[in-house]
Amino acid sequence: MLSSREEYQIMYNSEEKLWWYKILHEKILNEIVIKFGQNRNVKILDAGCGTGGLMSFLMKQGYNNIEGFDFSEDAVSFCKERKLKVQQIDLTSFDSEFVDSSFDIIINNDVLYQFEDEIIIKAIKNLEKKLKPSGIMISNNNAFDIFYGTHDIAVGGLQRFTKADFEKYLKQTELKINSYSYWSLFLSPLILSVRLLQQLQLKFNMIRENEIRSDVSVPGNFVNKTLYSIVKLEERIFRNGGFGSSLFLVMIKK
Ligand SMILES: C[S@@+](CC[C@H](N)C(=O)[O-])C[C@H]1O[C@@H](n2cnc3c(N)ncnc32)[C@H](O)[C@@H]1O
């Protein structure tokens, strides 16, 4: 979980503005429309919903059959400020809270990085059980070890992923990968330069503990809009990006 209420406050304040969240939310909407067309009544669960920015975005798009959960009391209280239907539940050990095979879509964004493989498989199995046959699970996660940086430390990250990791996890489930992409290819040189410098600084103890914080903060308007436009351009050129610091997966229940 994030280390303080302040981190959730930063997330809450950034979710509707930061280019990264905007891109991610639009990616998810796009996948929902690809699978379910204009049906806005699909039942959606956001597992590890944080402060509820995605749920709020989807509700504005007309998806009202949506609920979420998070294990953090702070996250849940921010969701309640947004008037969302959210409970405090642990992803790694829940069952009776939701009806089996009842959701069309389950979303699980950037939660698994803090667990060992065994717990990740358990969490995926817990979610799979709540998904309808032919339902989809959408999961965005931090990708490739080479992008390791101070952000990983700040959010308590244990690992970064590749598609191969998920293929291994899903072997023990009835889910299969329907589509995937890494993003953002175009921003990779920039992100990589920053992260490689951080790795050097960490190696030589050049960063103090109190200087380590997450990357979640909204830059100035010009930079924010430029980064958003670069990723949008990338998406127009490549449907499935081959490299980037995030792995976006759509899985389907057989
Ligand atoms: C990086 S945030 C991502 C939040 C949100 N999914 C998003 O995309 O903005 C990780 C979230 O996972 C939640 N979390 C951590 N451990 C959890 C657990 N065992 N069960 C449910 N949520 C958990 C944290 O409280 C935090 O809100």
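Phe-144 lies in the loop between strand E5 (131–142) and helix H6 (150–154). Helices (H or I, at least four residues) and strands (E, at least two) are DSSP runs, numbered from the N terminus. This is a predicted model, in which local features need pLDDT of at least 70, side-chain atom pairs count only at pLDDT 80 or more, and totals for chains, interfaces and linings use all residues. Residues are numbered from 1 along each chain as its sequence is written.

Phe-144 is not a glycine, yet its phi is positive, about 55°. Phe-144 is partly exposed, with 18 other C-beta atoms within 10 Å. A residue is buried if 20 or more other C-beta atoms lie within 10 Å of its own, exposed if 12 or fewer, and partly exposed in between, with C-beta atoms placed from the backbone.

Ser-101, also not a glycine, has a positive phi of about 50°. Its place is the loop between strand E3 (86–88) and strand E4 (103–107). Ser-101 is partly exposed, with 13 other C-beta atoms within 10 Å.

I turn now to a peptide bond. Trp-183 and Ser-184 are joined in the cis form, with omega about 0°. Ser-184 belongs to the loop between strand E6 (175–183) and helix H8 (188–203). Most residues other than glycine have a negative phi, and most peptide bonds are trans.
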